[in-house]
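Subject: A structure for you to look at

Hello,

I am passing on the structure we talked about, with notes on what turned up in it. Please have a look at it first, and then read on.

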Amino acid sequence: MPRRTLNMHSLVRGRVRTSMNKHNLFNLYKKSKPFFRNMTLYQQKWSSKQETRAYHGEQVNEGRWSTLFQHKLQGVAQLDASLKGSVLPTPMVLQTYAPLEKRLDVALFRAMFASSVRQARAFILGGHVKVNGVDIKHPGFTLTPGDIFAVDPERVLEALGRSKPSLKEAYKVDKLQVIQWQKFVQKAKEDPRGTWEKQKDKHRKNQNLYSGKFVPEKSQKDSTDVKQRLDSLQELKLKKMKEVQHSVSRKSVLRDIYTTSKRLVDQSKDVTAASFEEQFGKQLSGKCFQVYELLAKENKTMELEPEKATEEMNKIVPVYKEGKPQGEYYDDLRSKKLRQLLSELNTKYLDKVRDDFTNKPLSEDEIIRMWSTSLRKHPKIPDFSEIQEKGFYFLNLPWQHGMYGLKDPSKPYFTPWNPRQFLSPFAILPKHIEVSFITCHAVYLRDPVARPGESEVISPFDEDIHERAYMYYVKNGM
Amino acid sequence: MLQIRGNAELFNGSANAVKLITRGQVSQVRYRRTLAYPFYSKAGNIPPPRHGRKQTVFKRLMDEFLGPKNYKGDYYLNKYAYPNQNHSTNYIDPSSERGNSLLKAKQRDAVSSTEKTEEGVDFSRDEGGHGRQRRPLQPFPMNSHCFTDVQISKEMKEQIVNDVVKLKMPSQNVALKYGLKIQRIEAIVKLSQVEDSWKKAGLITKDLQRMSDVMYNMFPLYDASKNGENLTEIPIPEETTQSRFVTIAESEPFGPVDAAREFGLEPAAVTLQKLSEGGEHSAHSNRASHGTDTKSFVAKMHEGDRSAFRFTDVKVGQVGYRYGKSFRDNRKDRKIGFDASGKMVYLLD
């Protein structure tokens, strides 16, 4: 049984541990070399032993460790050394704690399948670890070269990811996010240009600050890059064009002409060809005017009530079913001419719609306008007491879909997965283990050895400290 | 505040104080707790507490190092908070930063020094200037003998698997081709098989894929010409780790070969050859021959026998309890081993 952990990451004591904790990072960061000059030899050995044992096999009792300790240290000789000329000395004393690296819990931590050795122990005891396909429940299991060990991927995602928030924590974060978002949308609606520029500036700053780094919330939709936006708009544009084209028919053209002219008639203005230019363009406006004249002069549609006028128009352009007109309709020469005119208008108008969509490039102003109009306020999140009963709430922000860290609350880790903070200073690929993160499998290649200039045992302490710790354990040495 | 400052001064002055008191002799204090102040902190320079809270000096110093925290709990300005994703390492460098570990908007020099590590790193190169050793693969600033491994790129792994599995190249040749040890080649092949079976079974989730991508982009990539493994390594023979004395005539020549004979060592070439054998994909696999040297037979059965007995050669002392040998089964921290089913057993020693 290991010792109970009491304030493992004490900042006052400042020991370095096998852990990815942020306190541990600071302890490592502020570490200074022990001041050996004013110590007796035994004090030197004792303090070195303290420092190194706090990192190496802190979870192993001293008695158990003394059975593992070997006074003969493992190193390698390089046969091509004589060809190279000068060869660096081999730091053999760094092998003092090499026997601990064979332990399964330590290997698990080295392979980065757990965020600390203590957590690795918990994974093993919980039955989440297999060695060569066999469930192993002993943290002290000794690995032999060639062994393949695996951890339950969910555990690894838990260990390397951010900690999963509780519903309350997620709610707190999301509440704030929604409030900020509402304010942002409000501002964007009021002053699109200014907000856009501000956003652009912020993005540029972040890009500079976090270049080459993993940044949690990065969304394509959020981009202020005009070119990128245009690309994403292209699809949207095509979709919209299709929509418009589908809505255009003889009847819709007729109705458009009617509504445009009716508005002018009601305001007691003259209807001319120019009044149709806005919607139909210069070339089609003449034909539109002909339609209007036919409508106004012969049918007197303009003087009718709106409901009556619609009925009238339905009679001019009836609904066709299997090639035959349905219901009551006009079959005289004038109506035929009107229908023919409308057909011509319809086809030409469709062409015009297509041309408008493809040829007209969007300016930045238009993009900003589209951006600001596309922004929608988020529906209000209910009070926490309500949510507590339900267990979830709806959230959809441009950079986050679902609750913060709880997109899939059934998973034991932060979803969607994000790397934990301060992972990179502790991410050390071991040389004696080959790791496959995608399957959470690893192969223990060999026991770590020392070679000229380096040791495969990962340790924050250098030769001088390890030398004294080694001396402490060999006992008969000095 | 006064008391705190006093502590800090005590710490910084402690080295001198000890020197003054003990000129000529070392102090014989049985227990003195030295507080782990950062090596860069000065007596008067204790940062203010965060948000007017009551905080210890150490907590304040840590908060200064971590930097501001946003509403999600991210230390968004700390250099080490988010992992690098451009195949470069992000290890701490306290000696040049001295506690100031926040990201700066324009840090062209610092960025370029880490970006250099993108492919293949030379161990011997000095980094960071100031005449100080700053090596990108060295994770701990205090240990100049510890280095992280580099990642083998996905493409290279595919090539290796293709060479071994499809082209049936012996692992010795593949190892030579890529500058990787045979065991590593074998491991890569083994792990790729696992990966394939997982892909087929649909076990690779989106989150798992994301995690593995992040981890992949965090480490520098392997380049055979720069960080190839030394393939001529052999373990130092155990016999040579202690001295042996031989009496020889003064005029008698005595070289390494004689020494090897004295120790009873085989030539290194033979050891190296032995090391390269035995893998699953080896050119001269000795797996098959391995089984033959353990003699085992099933004894003839007689009428009325209910079970057949298999007899296997074992060395005396390795199995069973030898009469007369001391056997303290109540000893503390007895040696332990594990059987094939993963059950812990106490070993006889």
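Let me start with chain B, whose secondary structure comes to twelve helices and five strands. Helices here are DSSP runs of H or I with at least four residues, strands are runs of E with at least two, and both are numbered from the N terminus.

Some housekeeping before the rest. This is a predicted model, in which local features need pLDDT of at least 70 and side-chain atom pairs count only at pLDDT 80 or more, while totals for chains, interfaces and linings use all residues. Residues are numbered from 1 along each chain as its sequence is written, and chains are lettered from A and ligands numbered from 1 in the order in which they are written.

Back to chain B: of its 349 residues, 23% are buried. A residue counts as buried if 20 or more other C-beta atoms, placed from the backbone, lie within 10 Å of its own. Helix H2 (residues 57-66) of chain B is mostly covered, with eight of its ten residues buried. Among them are Phe58(B), Leu61(B), Met62(B) and Phe65(B), and also Asp63(B) and Glu64(B). Just after H2(B) comes Gly67(B), with a positive phi of about 85°.

Contacts (C-beta atoms, placed from the backbone, within 7 Å) tell us about the fold of chain B too. Of those with a separation of 6 or more, 55% are between residues 24 or more positions apart.

Now to chain A. Its secondary structure comes to 17 helices and twelve strands, and 36% of its 478 residues count as buried. In chain A, residues 24 or more positions apart make up 67% of the contacts with a separation of 6 or more. The C-alpha trace spans about 120 × 65 × 45 Å along its principal axes. Chain A has a radius of gyration of 38 Å, whereas a compact globule of 478 residues would have one near 23 Å. That radius is taken over C-alpha atoms, and the globule rule is 2.2 Å times the number of residues to the power 0.38.

How is chain A divided into domains? There are domain 1 (22-162 + 416-475), domain 2 (169-234 + 375-399) and domain 3 (245-362), with bounds from an automatic or database domain assignment. The C-alpha centres of domain 1 and domain 2 of chain A lie 43 Å apart.

UniProt, in an unreviewed entry, places the feature "domain: RNA-binding S4" at residues 102-161 of chain A. Such annotations may be inferred rather than shown by experiment; the feature names are shortened and the positions follow the numbering used here. This span is 40% helix and 15% strand, and its end C-alpha atoms lie 26 Å apart.

Strand S4 (residues 148-151) of chain A is worth a look. Phe149(A) and Val151(A) form its covered face, Ile148(A) and Ala150(A) its uncovered one. S4(A) pairs (DSSP finds at least two bridges) with strand S2 (residues 129-131) of chain A in the antiparallel sense over three bridges, and Val129(A) stands opposite Val151(A). Three bridges also join S4(A) to the antiparallel strand S10 (residues 441-444) of chain A, where His441(A) is the bridge partner of Ala150(A).

Finally, where the chains meet, the contact takes 86 residues from chain A and 82 residues from chain B. Helix H1 (residues 22-29) of chain A gives the largest share of the chain A side, six residues. Strand S1 (residues 76-78) of chain A and strand S1 (residues 233-235) of chain B pair in the antiparallel sense over three bridges, with Val76(A) opposite Pro235(B).

Best wishes

Note on methods
Buried ≥ 20, exposed ≤ 12 C-beta atoms within 10 Å, placed from the backbone. Contact = placed C-beta atoms within 7 Å.
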